[in-house]
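Dear colleague,

I am handing over the structure we spoke about, and below it you will find what I found when going through it.

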Amino acid sequence: MTKPINPWKLPEFRAGQNIVCRVERQEPDGYAVTISKENLPGFLPTEEPLRIGEEVLAQFVCVTNNRILLTTRFSSITNQKRPFQYVDWEQQLSQLGTEEGQANSPSQLSEEEAAFMVWAQQASPASIHLRRATDLILPPLNPADVENFTIAEHDVEWLITDLEGGMRSGCLKASCESKLSRSAMLLYRGRCVGCIYSNKQYPECPPQEEALQNTLCDLKNPDTQVKLYDLPESLVLASSALFLGYPLEHKENPDPRDAFDYTLEWLDSKKYTACLTIGLTNRLGHCFVYVYRGLYVGAFYVEDQTFTQNRDVVYNIFQEDPQASLNVQILPSEMTSAAVRFGYSLSIATKQIFL
């Protein structure tokens with residue numbers, strides 16, 4: 001039996017530290033584990049099938065709700081497709097150049113900042129290909145509230161100060177004619193919680209951190225056009241699960257409508273925040289369904305750029321397209337707790353680029 005965590009007597013865990021844990025039991029969205037050396041309870045969200053009782057290598061993220069949140073440690077030592085090293089993990093730790101699995105988190109970041117960075121580096125955004133990928137982020141709910149300007153009218157430093165100082169939640173979309181690029185940042189309290197970037201040099205969207213860096217670089221160009229608007233925090237956090245959540249895998253292939261109802265009930269019971277993606281076969285489109293702390297908050301049909309809070313619209317989709325697919329990305333509650341500074345800091349990212 002694992003002992004409860006006493007926050008005043010925890011070992012000196014650091015964000016990104018490699019930790020060996022024992023798989024105890026499966027949970028709907030991952031596995032309950034025990035930190036082998038200290039015998040402390042933890043949780044490892046993953047789709048990867050694990051065997052009860054085996055030891056795996058993971059990374060420490062943070063402690064919250066009396067449990068340690070871990071994330072998968074993708075091995076750079078082996079060429080195995082599986083992300084875990086099941087045998088001789090002590091050798092793997094030594095090859096990683098760590099002492100008892102300790103990895104150095106960036107010294108310039110606080111623990112809360114470093115915890116988010118560790119999580120974000122392992123997050124796997126849903127793969128959705130669109131002609132204009134920036135359309136994946138919700139449009140303004142009230143078009144009259146949109147702010148339009150060029151960077152020449154202000155500058156990127158003023159913009160970042162405005163976003164961070166005002167703790168803006170919403171979306172920033174930018175287009176740069178000199179680089180033939182488009183980008184979109186999802187913002188939560190002045191921090192980036194999702195970013196999409198595309199231009200002719202990127203046939204596919206780059207990873208989150210790289211997309212953010214490219215976007216900030218474009219915001220240095222005077223000709224960059226900016227569109228900025230606010231969104232409710234509930235929709236922003238649910239949308240962020242698409243970028244920073246982890247996938248929930250259905251063990252079977254149930255009827256999509258039944259799976260949708262079951263998933264909503266389950267998310268409500270867990271009070272989880274999530275983004276559900278419905279892939280349509282008859283119209284080759286996508287519909288996002290947003291759930292915030294277990295509550296349905298709306299649906300967004302991407303191709304038409306329309307948002308609705310009417311759940312019947314979603315049911316009509318399944319009725320018209322019985323072969324529609326359903327995928328779920330869950331945002332861990334730990335990401336919005338005091339243990340983590342959720343989202344990329346725009347000011348830190350800017351300094352890393354331009355200094």
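The protein chain exposes about 17300 Å² of surface, and carbon and sulfur atoms supply 47% of that area. Please keep in mind that this is a predicted model, so that every value here is computed from predicted coordinates. Of the 355 residues in the protein chain, 52% count as buried, and the chain contains 8 helices and 16 strands. Among contacts between residues at least 6 apart in sequence, 66% join residues that are at least 24 apart.

Let me begin with the barrel. It is closed and has 5 strands, which run in the order β1-β2-β3-β5-β4 with mixed pairing, and the twist from one strand to the next averages 50°. Helix α2 packs on this sheet, where it touches β4 (55-64) and β5, and its direction makes about 135° with that of β4.

The open sheet is built from 6 strands in the order β11-β16-β12-β13-β14-β15, and its pairing is antiparallel. Its edges are formed by β11 (246-248) and β15 (306-308), each of which pairs on one side only, while neighbouring strands are turned by 25° against each other on average, with direction ignored. Strand β12 (residues 273-279) pairs with strand β13 (residues 286-292) over 6 bridges in the antiparallel sense, and the partner of Cys-275 in β13 is Tyr-290. Helix α5 (residues 233-244) lies across β11, β12, β13, β14 (295-301), β15 and β16 (325-331), and it runs at about 65° to β12.

Helix α7 (residues 311-320) also deserves a look. Which of its residues are buried? They are Val-314, Tyr-315, Ile-317 and Phe-318, and, seen down the axis of α7, the buried residues fall within an arc of 150°, so they line one face of the helix. Gln-319 and Glu-320, on the other side of α7, are exposed. The cover over the buried residues of α7 includes α6 (256-270), β12, β13 and β14. At the start of α7, a side-chain oxygen of Asn-310 comes to within 2.9 Å of the backbone nitrogen of Asp-312.

Tyr-229 sits in strand β10 (residues 225-230) and, at 1% relative accessibility, counts as buried. Although 83 residues separate Tyr-229 from Val-146 in sequence, their C-alpha atoms are 4.8 Å apart in space. Leaving aside residues up to four places away in sequence, Tyr-229 touches a set of residues that includes Ile-137, Pro-139, Pro-140, Ser-169, Cys-171 and Lys-173, and a polar atom of the Tyr-229 side chain lies 2.5 Å from the backbone oxygen of Leu-138.

Asp-135 is found in the loop between α2 (111-122) and β6 (147-150). Its relative accessible area is 18%, and Asp-135 is therefore buried, given that the cut-off is under 20%. Again not counting residues up to four places away in sequence, Asp-135 touches Lys-173, Phe-300, Val-302 and Gln-305.

Methods:
Residues are numbered from 1 along each chain as its sequence is written. This is a predicted model: local features need pLDDT of at least 70, side-chain atom pairs count only at pLDDT 80 or more; totals for chains, interfaces and linings use all residues. Side-chain values use heavy atoms; hydrogens and water are left out. Two strands pair if DSSP finds at least two bridges between them. Helices (H or I, at least four residues) and strands (E, at least two) are DSSP runs, numbered from the N terminus. Axes are lines fitted to C-alpha atoms, for helices over the stretch in contact, and angles run from 0 to 180 degrees between N-to-C directions. Contact means heavy atoms within 4.5 Å. Buried means under 20% relative accessible area, exposed over 50%, partly exposed in between (1.4 Å probe, protein chains only). The arc is that of the directions from the helix axis to the C-beta atoms. A polar contact is a pair of N or O atoms within 3.5 Å; within protein, one must be able to donate a hydrogen and the other to accept it, and residues adjacent in sequence count only if both atoms are side-chain atoms. Accessible areas come from the Shrake-Rupley method with a 1.4 Å probe; for residues, only the protein chains shown count as cover.
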